[in-house]
Amino acid sequence: MLDRLQIVKQRFDEISDLIIQPDVIADQKRYVQLNKEYKDLKALAEKRDEYVNVMGNIAEANEIISDGSDAEMVEMAKMQLDEAKERLPILEEEIKFMLIPKDPEDAKNVMVEVRAGTGGDEASIFAGDLFRMYTKYCEGKGWRTSVVDMSEGTSGGFKEIIFEVTGEDVYGTLKFEAGVHRVQRVPQTETQGRIHTSAATVMVLPEAEEFDVQIDMNDVRIDFFCSSGPGGQSVNTTKSAVRLTHIPTGLVAQCQDEKSQHKNKDKAFTVLRSRLYEQELAKKQEEDAKKRSSQVSSGDRSAKIRTYNYPQGRVTDHRIGLTLYDLDGVMNGGVQKLIDELQLVNNTEKLKEASEVF
């Protein structure tokens, strides 16, 4: 393990020197990539220093104990040895998980798309509940959310809502939320108290930088139209809303959230880039899935991943068989427990694959 950590230390020192070089600073793409790598390696370099320190404490304590000439020093050395031996296996496990190769997408911001599925009005209401759940979760993490586009349901909620999330390691945290979310409850419109099952689909797209996806403007048709829905005097009077159609793929992205046509156009291009990027990423994830059958793969959009059962107050994640009897807490943004367990299972699978390294 120390050999691996020494390689990390060398790379960390190399990047520390590179990111202050004028030619690197001038190359935006390279500078951004190196900065991300620097942040990732910094934590590992600090763990490496602690590991070296603990190993040094063990060696020093053993030397004092084997010498045995000073009884008081021997007693202190034994305490130091016990502490170090207790810390060492915990530290080794932490380092093993940190040495798992990181998905380069994990640090990216995301576009989240929530769409009502089967279940009519109730599905739209549930899509609205999921949107509220995610915005509350993001708020608790200190992440910023911004609505890009929405289509409201006839009885509340949304037929579709797209929102951007910016912060630290957003995609790495939210990517396992992609899939079909199912709700079981008595709808507000139900007069006989029968439980209905409805669904909504969540897509989590890593936000593509301009240098990740090059879009030929000749391939894009741009349409301007009037915004619809709440928004004050500018709604339905000025053509501020923007719709982009990528002709080669048929992908469509639109934004009507901002009053400025220019801002809507920028946001719509961000969505379009993310969708094009996600298409390529989906192909890669499919190839990876063939190599290993991960139970928490974020590649399958059609998979039913979670059920929210209101009568029983429970939430069940079907991929890892985890059930929480805290539905209110989860719907109020308390999804961290589910995400932690999914990340743990995913990292454990990766650790098994990389076990020959250790």
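Reader: Hi! Before I look at helix packing here, what are axes, and how do their angles run?

Author: Hello! Axes are lines fitted to C-alpha atoms, for helices over the stretch in contact, and the angles between N-to-C directions run from 0 to 180 degrees. One thing to keep in mind is that this is a predicted model.

Reader: Thanks! So at what angle do H1 and H3 pack, and how far apart are their axes?

Author: The angle between H1 and H3 is about 140 degrees, and their axes lie 8 Å apart. That makes H1 oblique to H3, because only angles over 145 degrees count as roughly antiparallel.

Reader: Nice. Which residues make that contact?

Author: On the H1 side they include Leu5, Val8, Phe12, Ile15 and Leu18. From H3, Leu34, Tyr38, Leu41, Ala45 and Val52 are among the residues that take part.

Reader: And which hand does the crossing of H1 and H3 have, left or right?

Author: H1 passes H3 in a left-handed crossing.

Reader: Let's stay with H1 for a moment. How many residues does H1 have, and how far does H1 reach?

Author: H1 covers residues 2-18, which is 17 residues, and spans 24 Å from its first C-alpha to its last. That is close to the 24 Å expected at 1.5 Å a residue.

Reader: Which residues of H1 are buried?

Author: They are Leu5, Val8, Phe12, Ile15 and Leu18. These residues cover an arc of only 135 degrees around the axis, so they sit on the same side of H1.

Reader: What covers them?

Author: The cover includes helix H2 (22-26), helix H3 (28-67) and helix H4 (71-99).

Reader: And what is on the face turned away from the buried side of H1?

Author: That face carries the exposed residues Asp3 and Ile7.

Reader: You mentioned H4. How do H3 and H4 cross?

Author: Their axes come within 8 Å and cross at roughly 150 degrees. That makes H3 roughly antiparallel to H4. H3 passes H4 in a left-handed crossing.

Reader: Switching topic: what is phi of Asp169?

Author: Phi of Asp169 is near 50 degrees, a positive value in a residue other than glycine. Asp169 is in the loop between strand E3 (158-166) and helix H6 (170-174). With a relative accessible area of 28%, Asp169 is partly exposed.

Reader: Last one, for the big picture: how many helices and strands does the protein chain have?

Author: The protein chain has 9 helices and 11 strands. Of its 358 residues, 41% count as buried. Among contacts with a separation of 6 or more, 62% are between residues 24 or more positions apart.

Technical notes
Residues numbered from 1 in each chain as written. Predicted model: local features only at pLDDT ≥ 70, side-chain atom pairs only at ≥ 80, totals over all residues. Heavy atoms only, no water. Helix = DSSP H or I, 4+ residues; strand = E, 2+ residues; numbered from the N terminus. Expected span 1.5 Å × (residues − 1). Buried < 20%, exposed > 50% of the residue type's maximum accessible area, 1.4 Å probe, protein only. Arc of directions from axis to C-beta. Contact = heavy atoms within 4.5 Å. Parallel < 35°, antiparallel > 145°, perpendicular 65-115°, else oblique. Left-handed = near helix turned anticlockwise from the far one by under 90°.
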